[in-house]
Amino acid sequence: MKNDNPVFEPVKVSAFDWQLAVVSQLVALNTQGKLPHAILVELRTSVDSRSFGWFLASALLCQSLDSEHPCGHCQSCQLMISNNYPDFTFSTLTENEKTHKLNKDIKIEQIRRLIHQFSLTNNLQSGKIALIYPAEKLNQSSANSLLKTLEEPSADSTLILLTHNAGRLPVTIRSRCQKWVIKNPPMDEASKWLAQKEMPSDQIKDYLHLARNDAQLAHQLYQLEFKLLQDQFSGLLNKYLSDQIDIVSMVKQFKFPDSQHLRLVLKTELSNMIYNLLQNKLTIALKQKLAGLINLSAGLDRALQVEDNNLNLLLQFEDVLISLKQIVK
Ligand SMILES: [Zn+2]
């Protein structure tokens with residue numbers, strides 16, 4: 001049978017050390033035949049975790065596990081690596097055929113395909129696994145359609161919902177899954193890991209702070225030279241707020257990142273401004289400013305929620321800048 005899982009090239013199967021404890025507990029349950037039909041695994045990172053999803057699924061399917069790691073050589077591992085495992089379904093954000101952009105949610109057709117797969121007889125002994133990632137992107141009809149499967153699980157099948165934010169999943173789904181959380185490594189472990197990734201020691205702490213202790217994100221931001229971007233933004237913003245440049249040239253000169261990083265640039269800037277204000281004796285005027293900045297920061301996720309490369313993102317970015325100027329003036 002042809003496997004039509006969307007492929008991402010190359011199919012990497014990898015996990016970080018701090019993710020392995022949960023993997024080994026799930027593998028142990030699986031070995032004892034006690035793995036629940038539906039598990040919800042929450043990762044506390046915002047970095048793309050498809051590789052980890054494949055790692056976890058491969059670990060559960062591997063016939064000759066090497067500690068917590070899939071061996072890479074058995075029939076199951078080989079089929080997973082080549083994306084040909086017949087009883088494995090991967091539902092993720094797919095590309096829109098016309099625009100070539102990622103769809104913003106996981107479609108009901110994808111969930112129907114998963115349900116159909118679950119209704120078939122196994123091709124191999126290891127059982128069927130369906131992985132949904134990022135599960136918080138299931139739209140309402142997809143989630144409703146999935147509910148039935150959760151209520152009447154088919155034998156020998158495991159549904160893995162992998163998410164960055166379990167709170168964004170409908171409670172009806174959450175309550176039918178066994179929940180696992182993979183936390184980020186503690187500071188010292190994260191610093192060690194980043195040092196191994198050849199990140200200069202004087203930057204590790206700053207980047208971890210910026211990424212709120214999300215080690216993977218800290219590494220990604222470092223690779224993107226995020227601090228340069230942040231500094232550039234701060235410089236331009238100061239000029240804009242003190243009327244040295246107008247909003248058009250501010251936006252024009254700024255090296256525009258994608259929406260996720262733009263949000264982080266703004267959030268970081270706002271939290272620095274809030275921190276600086278708090279160093280002063282709070283007058284009524286300062287308190288008003290503070291409230292304005294906190295509101296603006298809290299509303300950023302809503303204010304900048306369009307896709308990347310979208311003209312609207314630029315307009316929304318300008319709106320945020322205009323609001324910011326009104327607050328600090
Ligand atoms: Zn194997």
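## Salt bridge between Glu42 and Arg44

In this predicted model, the side chains of Glu42 and Arg44 form a salt bridge, with an N to O distance of 2.9 Å. The term salt bridge stands for a side-chain nitrogen of Lys or Arg within 4 Å of a carboxyl oxygen of Asp or Glu. Glu42 counts as buried because its relative accessibility is 6%, and Arg44 counts as partly exposed at 40%. The classes are set by relative accessible area: buried is under 20%, exposed is over 50%, and partly exposed lies in between (1.4 Å probe, protein chains only). A network of salt bridges links Glu42, Arg44 and Lys179.

## Other salt bridges

The count of salt bridges by this rule is eight. One of them joins the side chains of Asp105 and Lys107 at 2.6 Å, N to O. Asp105 is buried, at 15% relative accessibility, and Lys107 is partly exposed, at 28%.

Asp243 and Lys329 also form a salt bridge, and their closest N and O atoms are 3.0 Å apart. Asp243 sits in the loop between helix H10 (226-241) and helix H11 (247-253), and Lys329 in the segment after helix H15 (311-328), so this pair ties together parts 86 residues apart in sequence. Helices are DSSP runs (H or I, at least four residues), numbered from the N terminus. Asp243 is partly exposed, with a relative accessible area of 47%, while Lys329 counts as exposed at 64% relative accessibility.

## Zinc site

Four SG atoms coordinate the zinc ion, those of Cys62, Cys71, Cys74 and Cys77, at 2.3 to 2.4 Å. Donors are N, O and S atoms within 2.8 Å of the metal (3.2 Å for Na, K and Ca); water is not among the atoms, so sites may look incomplete. The angles subtended by the four donor atoms are 106 to 115°, which makes the arrangement tetrahedral. Four donors count as tetrahedral if all angles lie between 85 and 135 degrees. The ideal angle for four tetrahedral donors is 109.5 degrees.

Along the chain, the donors of the zinc ion follow the spacing C-x8-C-x2-C-x2-C. Cys62 lies in the loop between helix H2 (50-61) and helix H3 (75-81), and Cys77 lies in helix H3, so the pair ties together parts 15 residues apart in sequence. Cys62 counts as buried at 12% relative accessibility, and Cys77 counts as buried at 2%.

## Basis of the values

Residues are numbered from 1 along each chain as its sequence is written, and side-chain values use heavy atoms, with hydrogens and water left out. Local features need pLDDT of at least 70 and side-chain atom pairs count only at pLDDT 80 or more, whereas totals for chains, interfaces and linings use all residues.

Notes:
Tetrahedral: all angles 85-135°; square planar, octahedral: opposite > 155°, others 65-115°. Helix = DSSP H or I, 4+ residues; strand = E, 2+ residues; numbered from the N terminus.
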